[in-house]
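Dear colleague,

I am handing over the structure that follows, together with notes on what was found in it. Please read the notes with the model open beside you.

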Amino acid sequence: MPIPSPAPSNQDLIRHLAEQALSRSAGAPLVGGNQVELLYDSVENFPAWEQAIASSQDSVFIEMYIFANDAFGLRMRDLLTERALAGVKVCVLYDWLGSWKAHLGSFFKPLLAAGAELRAYNPPSLTSGLSMLGRNHRKLIVIDRRTVFVSGLCISSSWEGRPERGLAPWRDTGVKLCGPLAADALAAFADSWASCGSPLPEAWLSPPPEPEEARGSVAARLIATTPATAQMMRLDLLIACFARRTLWLTDAYFMGTSMYLTALKQAARDGVDVRLLVPRSSDIGWIATVSRTQYRPLLEAGVRVFEWDGPMIHAKTAVADGRWARIGSTNLNLSSWLANRELDVAVEDQALAEKLAQQFLLDLDHSTEVILAGQRRRPTLTKPRPKDYHGLLLPPRTAAISGASAAARQAARIGDALGVVVRGTRTVDASEASAFLTIGVALLICAGLIAFFPWLVAGPLLFLLLLSGGAIVAKACGLYWSRRGKKQQPPLPRQPSQDADKDNQNSQLDD
Ligand SMILES: O=P(O)(O)OC[C@H](O)CO
């Protein structure tokens, strides 16, 4: 279906509605006047972080999924210790699960001894129930309340590769930003910090007056999601609807929901050049396998899928129409969209988006395209033909490529296979026999395990139910207790400013 162009008289209204939809979906306003610089890989991000921390005079606030006990982790810890000793306020919020090795060892002791404040996000507890699945997945560093780093990189040497073994560094993307958006970053950090203890004192909550040289011209939003707000999912879906020419996605752990897959497929069917770049050999192997089960329907709809040739691509970026770009921590999966605290910068700036688009094209030169092979329409891997990627328009469909591949064997979706067998959702090609056999045998093995070792399933389920039930009962008891306490206190005189909404809420809760 060709995309119609709006009449000139309607363009202002449409622009206004688009801006409204973007702001409401993201839950974040567009803020102009920023400086935003793209930083690639550990080779650009890590020295920029270290340099900024080394020159900090006022404060260093860090919110980080992984703070690893390794060479780079030690370098950062020692640098932070040195700044804390020099009187800089250092606050580090790390995720308990992501940083458990550092947390359980004596890694942070020198930093604490130097006067820094440290908090672990969501450590395991008997009352956490299923909320323990929600992690603080942000990668945020705020220096002197005015220079901000947002990225997909954590504090870990994993991103530096293993030169001694010839392993290249991980591919990843971050930004350094200065300007009015620093206030939003500070607020995002303060919110996470307060979720784990007492809030930051008021004096630290606003940036100092901005020097003239910190102002720029980039309009951007800082999208700081918390569990269940789904703002980034809403925005990702909206961008898939808004893209008119190109939508180029890079993702480390792609496991799109059917809603998102449908959005990508619809965009591709509308003639949008949709490309997805994911790792071939992921550090979390099973996620790459699940990603592959989603290729086939995407490919059939015209989405182009590429696998990174290097050890790992960990970036989480999107660029649409060479005008809109997002960089940050959100992976295209349910864990990021619904369960975690995530942080992304969505930029509405042609120059910056074009730079990110150019980088995407360079990345494709180090990737292999997965295509459907001819009549058999079986996903196979093929090296990209570089010329294909340097225009914005979709090249014509490539001819059949023969030969089996690892990706091909794993490309039938489990859900799809069940749909085919149980509901007859689509016709099946003979080339899919081996994939169907693998899925069927795996399910039969699971059935056998459950039949002969039921505790394998019942044990973890029982544990989760006990945790969740216990947490909910504890919460209910707490509520009853506080209600009893309130009833025993004499009522306070009413303030005229108390609004009706609040009264309604209270009476509903009391019921
Ligand atoms: O969860 P991510 O996207 O920060 O990735 C972290 C990886 O698990 C590092 O091994």
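The UniProt annotation "transmembrane region", from an unreviewed entry, covers residues 433–455 and 461–481; UniProt positions are given here in the numbering used for this model, with feature names shortened, and such annotations may be inferred rather than shown by experiment. Over residues 461–481 the chain is 100% helix and 0% strand, with its end C-alpha atoms 30 Å apart, where helices (H or I, at least four residues) and strands (E, at least two) are DSSP runs numbered from the N terminus.

Please bear in mind that this is a predicted model, in which local features need pLDDT of at least 70 and side-chain atom pairs count only at pLDDT 80 or more, while totals for chains, interfaces and linings use all residues. Residues are numbered from 1 along each chain as its sequence is written, and side-chain values use heavy atoms, with hydrogens and water left out.

The unreviewed UniProt entry also lists "domain: PLD phosphodiesterase" for residues 132–159 and 309–336. Residues 132–159 are 0% helix and 36% strand, with end C-alpha atoms 26 Å apart, and residues 309–336 are 11% helix and 32% strand, with end C-alpha atoms 25 Å apart.

The ligand is surrounded by Tyr 65, Ile 66, His 137, Lys 139, Trp 170, Tyr 253, Asp 283, Ile 284, His 314, Lys 316 and Asn 331, a residue being counted as near if one of its heavy atoms lies within 4 Å. By class, this shell has 5 nonpolar, 3 polar and 3 charged residues (Ala, Val, Leu, Ile, Met, Phe, Trp, Tyr, Cys and Pro count as nonpolar, Asp, Glu, Lys and Arg as charged, and the others, Gly among them, as polar). A polar side-chain atom of His 137 lies 2.5 Å from a ligand oxygen atom, an N or O atom in the side chain of His 314 is 2.6 Å from a ligand oxygen atom, and for a polar side-chain atom of Tyr 253 the corresponding distance is 3.5 Å. The protein covers 84% of the 300 Å² of accessible area that the ligand has on its own, with areas taken from the Shrake-Rupley method and a 1.4 Å probe.

Ser 151, in strand S6 (residues 147–151), is buried because its relative accessible area is 1% (buried means under 20%, exposed over 50%, and partly exposed in between, with a 1.4 Å probe and protein chains only). A polar atom of the Ser 151 side chain lies 3.0 Å from the backbone nitrogen of Leu 153. Leaving aside neighbours within four places in sequence, Ser 151 is in contact (heavy atoms within 4.5 Å) with residues including Lys 139, Thr 173 and Ser 329.

Ala 228, in the loop between strand S8 (218–225) and helix H7 (231–242), has a positive phi near 75°, and Asp 321, in the loop between strand S12 (317–320) and strand S13 (324–328), has a positive phi of about 55°. Most residues other than glycine have a negative phi. Ala 228 counts as exposed, at 61% relative accessibility, whereas Asp 321 is buried, with a relative accessible area of 11%.

For the protein as a whole, the secondary structure comes to 17 helices and 16 strands, and buried residues make up 49% of the 511 residues.

Terms used: A polar contact is a pair of N or O atoms within 3.5 Å; within protein, one must be able to donate a hydrogen and the other to accept it, and residues adjacent in sequence count only if both atoms are side-chain atoms.
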